[in-house]
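Biologist: Before we discuss any detail, could you put the model on the screen, so that we can go through a few of its elements together?

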Amino acid sequence: MPTMHELVNPKDMRAWSRADRARGRRIGFVPTMGCLHEGHLQLVDRAKQRADRVVLSIFVNPLQFGPTEDLALYPRDLERDRRVAAERGVDCLFVPDTAAMYPAEPLVRVRPGPMADALEGAARPGHFAGVLIVVAKLLHIVEPDVAVFGRKDFQQAMLVRRMVDDLNFGLEIDVAPTVRELDGLALSSRNSYLQGDERRDALALSRALRAVEQTWRGGEADPGPLARRGLEVLRAPGVAPEYLALVDDQMRPVARVDARTVVLVAAKVGKTRLIDNVVLGEGVAADPAVRA
Ligand code: AMP
């Protein structure tokens, strides 16, 4: 296995990237919060297809967690992450600590604008402002040619795209499909919180997305009945629905549904908050499943 570099200091990280870019190599970047699963690793595969060197960062960003959220509990397993990242061909693992990322409280910040007002932004005030500031910092530290994000966090990926366009970051943002378990559950580090029946109850999210998709394929293009059908399925035992919305790629509710419409769901299963989505024209079944 080729050796993987591991860096903790932003200055070293930038120097590593710049040295490779000076040799004409393209840098691909996959930012994560660790506890790596196949969803993260398929982002690495895509980055490898689009670049000569792949950097993966692990940083649990305090700025994107609300005061009542799971920052302290967030699952961490650096030893295992190191192993699976190296096995998958990551060239450089960037693992800064909080002091390295935030030596002082950042006074100058990124304002995410209206795309962050609804859905996850409404449920988690300040979340996207925290996400965009850390993504902006990481992109300036790593200076990649392409950064790969997962569609699993659709609103986040669209906001990152918009930030990069609006503020002329000058790199490509690639968005990869959601990787699922064979039974449809979208992979997430937070799935490790699910206990007992909760793992089965959590299937209500992907089932609701499939119900909307099937109803749409059956000829319904009005978002009202489609949302009602999805919520009916989402309201399953053990599941507390938070939202089901049909939006375009700017997170605006659609008046008529077409193949580009995205259906987004959030629900609590026990104490665990889960999100999922589908782009209707692509379909849940088209998402890759975990390799056996
Ligand atoms: P996280 O570690 O949860 O911050 O996620 C890091 C990146 O992995 C983000 O771009 C996520 O959208 C992406 N990601 C997380 N879960 C999945 C999944 N099941 N399929 C594809 N990408 C994912």
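Biologist: Which elements do the buried residues of α9 pack against?

Modeller: This is a predicted model, and in it the buried residues of α9 include Leu203, Leu205, Leu209, Val212 and Trp216. The buried residues of this helix meet both helices and strands, namely α8 (198-201), α10 (223-234), β7 (239-247), β8 (262-269) and β9 (272-279).

Biologist: How far apart are the end C-alpha atoms of helix α9?

Modeller: Helix α9 covers residues 203-217, and at 1.5 Å a residue its 15 residues should span 21 Å. The computed separation of the end C-alpha atoms agrees with that expectation, being 21 Å.

Biologist: Is α6 oblique or parallel to α7?

Modeller: Helix α6 (residues 127-142) and helix α7 (residues 154-166) pack with their axes 10 Å apart, at an angle of about 55°. Because angles under 35 degrees count as roughly parallel and those from 65 to 115 as roughly perpendicular, α6 is therefore, relative to α7, oblique.

Biologist: Is aspartate 174 buried or exposed?

Modeller: Aspartate 174 lies in strand β6 (residues 172-176), and its contacts beyond four places in sequence include Arg46, Arg50 and Phe149. Its relative accessible area is 8%, and since buried means under 20%, aspartate 174 is buried.

Terms used. Residues numbered from 1 in each chain as written. Predicted model: local features only at pLDDT ≥ 70, side-chain atom pairs only at ≥ 80, totals over all residues. Heavy atoms only, no water. Axes fitted to C-alpha atoms, helices over the stretch in contact; angles between N-to-C directions. Helix = DSSP H or I, 4+ residues; strand = E, 2+ residues; numbered from the N terminus. Parallel < 35°, antiparallel > 145°, perpendicular 65-115°, else oblique. Expected span 1.5 Å × (residues − 1). Buried < 20%, exposed > 50% of the residue type's maximum accessible area, 1.4 Å probe, protein only. Contact = heavy atoms within 4.5 Å.
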